[in-house]
Amino acid sequence: MSKTLLHLSGLTKAYPGVIANDDVSFDIGAGEIHALLGENGAGKSTLVKMIYGLVRPDHGTMLLAGDNFTPAEPRAARAAGVAMVFQHFSLFEALSVAENIALGMENPPKANALSTGITDVSQAYGLPLDPERLVGDLSAGERQRVEIIRCLLQKPKLLIMDEPTSVLTPQEVTTLFTTLRKLKADGTSILYISHKLEEIRTLCETATILRGGKKVATCDPREKSARELAEMMVGGTLNSAKLQKTTLGEVVLKVSDLSLPPQTAFGTSLKSISFQLHKGEVLGIGGVAGNGQDELLACLSGEVRTAADAIQLNGVSLGHMPPNTRRALGVLAAPEERLGHAAAPDMTLTENAMLTAMTRKNLSHSGFLDWPRAEAYAKLVIDQFDVRTPGPHSAARSLSGGNLQKFVIGREVLQDPEVLIVNQPTWGVDAAAAADIRQALLDLASRGAAVIVISQDLDELMEISTNFAALNAGRLSDARPMAELSLDEIGLLLGGADAAA
Amino acid sequence: MLRLEKRPNPSQAWGYLAPILAVITTMIGGGVMFALLGKDPFEAIRTIFYDPLFSEFAWYYRPQLLIKGAPLILIAIGLSMGFRAGIWNIGAEGQYIIGAICGAGAALSVYPLDSVFIFPVMILFGAIGGFAWAMIPAILKTKFGTNEILVSLMLVYVAEQLLASMSLGLMKNPEGFGFPGSRNLQQYASAHNAELWTGTAIHMGVVFALISVIFAYIMLARHQMGFHIRLTGESPKAAKFAGVNPNKLVIYCLGFSGALAGLAGMFEVAGPSGQISIDFNVGYGFTAIIVAFLGRLNPFGIMLAGLLMALTYIGGEIAQSSLGLPSAAIQALQGMLLFFLLALDMLTNFKIKLAKAEVRI
């Protein structure tokens, strides 16, 4: 192995009530792609923030190329040669690529020199990008290139990448990997944070796994199976969801020519969406967020009303019906945003159970609410879905993301829906909880319900969907059996190939 | 360094403690203010908070508490519904005036007819008047998306002009020797909102205030409408997901608070005040906003807060006459109460932490 670039030793950082990092030590070699693995809350972001100068460690030392490294702020870290590409981009849509890059630099060169620099770097690393284009017109993959080029112009020794592929199509991922390998060949070290194990196994030669703030292991991910890595992350055996082979029943939900004008200035319009959903089917709808996922869910849940005929349940038109009438008929939904949409943050779990279960669980008698029954239902959800909480009197905001998501999904599943629509069911949820949630959705489908899973996570969709459709710029491709699709075809669908045809 | 940290669950203890501490800090802050004005702070605080209840003239002041408190509670209960849902009716004062004009108008239009039906009809008209006035901001908001805060507030000044016009024109007492103001309803038996039991000052408005407290409590704790109101206040998106129609809620909340404010105005004009006059309104509609928050938007809290606020009114009047405190100082004291309450309220959802100095490597 080559010499060490960054040496971390005994890094510890405590927040009130939780130790985010506990005595973490490992080395990142020069010219190495080093993966940082761990569930949500394992301490990955705290660790990275310490390296990038956003957080100061309580104890421990860092050595960068042999010198003491104590960045007081990100600027100091950048000056020392550490750059970071965040999961969420910080770009101005109304400015051009070059202007955006100049804004992020300490001493931006003159406009001409900068444009040349951008073109040089983009050609050298296979990141095609026109410096004059407006960021607002770029795809997610291209926006990421802007962030990467901004970092590369500073000639970093260490590039930190936080979940870089979460918004990319498979083709864009391949391009990114080529770039990263080129960087590595030039001697740049990369700290690569991800929870996508297969990616890490193809890209990285070293992986450090964190669990509960502590380092579990540093290993070579190519020598381990994805399952072994996942089990090190979780600290136990992991059940992957299994789809029971069921033959699809008759059509339950029929959506035909569903269109919706944009609801807000930056909203997406839905363009003539049509599909059929069968009993026992799990329809996976893939696509990068912002392509109409929220709008589609709102149309199906009843938060937004459309033409009556556009949505039919067993032949009954319900496009014009409000949410509770649809719930009475058996159409339930779980939106993406857990706090503030699926659940009210400051209300108790009992009150949040009342929020959607009022109609189907008979929690209201001529307008008067039956709180004891609601509490009993909340308890049932907590028990059946293994929600970790002191009890139904806890406020929704006191639950961790994974636990609240289990509660939200459980609340709908236990109402025995005919059709359940979920948006990003496992976003930001730890691996164990995500597996539970997927299994619950599959069990629901095997009992004869129809399930729509809207997700950005392709691995998830490949694991649980019977049929797959891609949502791109408000258009939905034809649904095709998941088993027949290759990764390339999925990528093309996500890119809108079907819609253009 | 001090730092605020969000509690995972709202603290119940602070929920009860905050209003009590707010009263105490107001006494301290008010005392300092009175001392700066050159008055003895202890005497002033005692005059305002203690004398109305326990001095030798308390027999006169105590019933006054109910007379001042009832309209405050009635209005504040109505406002609290909307405030919980994030619907801000700031114009209760205007709805109060219109309720009084409609209630008094109903009686004056049939004067001097004698009938047991007149007073119930007046109650109905008072409520309808306030309701209709509140419908103006409600409909403008639901149809055109106007801001209900501005519209309801501006309508207060319209209502005041209407009040002046009524006292000088349409409703002017024909036997009043040209003075502005209507006939005195206290002298019109069928329309008089009289004491129900002599010497207690309990008139129909006090009874209605009590009923409204109980009604609001049941509504919020047990009824779907109350749940939807709370849900909308907590998280409008979650409320929409639960199936709440935001426009209906605006109509309901503004209508309910308008009707209660109208009722309060009607009981006032038919009882303690007696007549429509240019200076009929004394700011109950605005003070009720403080009462609603001081009572933490909780019906029983509002009842206590209404009585406390009535106390500062009465105590303030005593302090003005016996100590020569300016009336602005009393208003400042009431403002301090709201200020300290809102500040201490933070502690229900946040706790104060001493930020540890971070260890350097």
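Modeller: Let's start inside: the largest cavity has a volume of about 60 Å³. Bear in mind that this is a predicted model, in which local features need pLDDT of at least 70, side-chain atom pairs count only at pLDDT 80 or more, and totals for chains, interfaces and linings use all residues. Residues are numbered from 1 along each chain as its sequence is written, chains are lettered from A and ligands numbered from 1 in the order in which they are written, and side-chain values use heavy atoms, with hydrogens and water left out.

Colleague: What makes a space a cavity, and what makes it a pocket?

Modeller: On a 1 Å grid over the protein atoms alone, a cavity is a set of points where a 1.4 Å probe fits but cannot get out, whereas a pocket is an open set with protein on both sides within 12 Å along at least five of seven lines. Points are joined across faces, edges and corners, and a volume is the space filled by probe spheres set on them.

Colleague: Which residues line the largest cavity, and which helix gives the most?

Modeller: A lining residue has an atom within 4 Å of a point. Here those are A:L127, A:G141, A:Q144, A:R145, A:I148, A:L168, A:E172, A:T175 and A:L176. α5(A) gives the most, with 4 residues. Helices (H or I, at least four residues) and strands (E, at least two) are DSSP runs, numbered from the N terminus.

Colleague: How do you know how that lining divides by class?

Modeller: Ala, Val, Leu, Ile, Met, Phe, Trp, Tyr, Cys and Pro count as nonpolar, Asp, Glu, Lys and Arg as charged, and the others, Gly among them, as polar. That gives 4 nonpolar, 3 polar and 2 charged residues. In the second largest pocket, which has about 2,300 Å³ of space, the lining splits into 27 nonpolar, 13 polar and 9 charged. Helix α13 (residues 299-323) of chain B gives the most there, with 7 residues.

Colleague: Why is A:R411 called buried?

Modeller: Buried means under 20% relative accessible area, exposed over 50%, partly exposed in between (1.4 Å probe, protein chains only). A:R411 has 0%, so buried is the word. A:R411 sits in helix α13 (residues 401-413) of chain A. Its contacts (heavy atoms within 4.5 Å), not counting residues up to four places away in sequence, include A:Y377, A:V381 and B:F241.

Colleague: What makes strand β19 of chain A mostly covered?

Modeller: In β19 (residues 419-423), 5 of 5 residues are buried. A:V419, A:I421 and A:N423 cover one face, and A:L420 and A:V422 the other.

Colleague: Why are β6 and β10 of chain A called edges?

Modeller: Their open sheet has 6 strands in the order β6-β7-β8-β3-β9-β10, with mixed pairing. β6 (82-85) and β10 (214-219) each have a single partner strand, so one side of each lacks a neighbour in the sheet. For β6(A) that partner is β7 (residues 158-162), joined in parallel by 4 bridges, with A:V82 opposite A:L158.

How values were computed: Two strands pair if DSSP finds at least two bridges between them.
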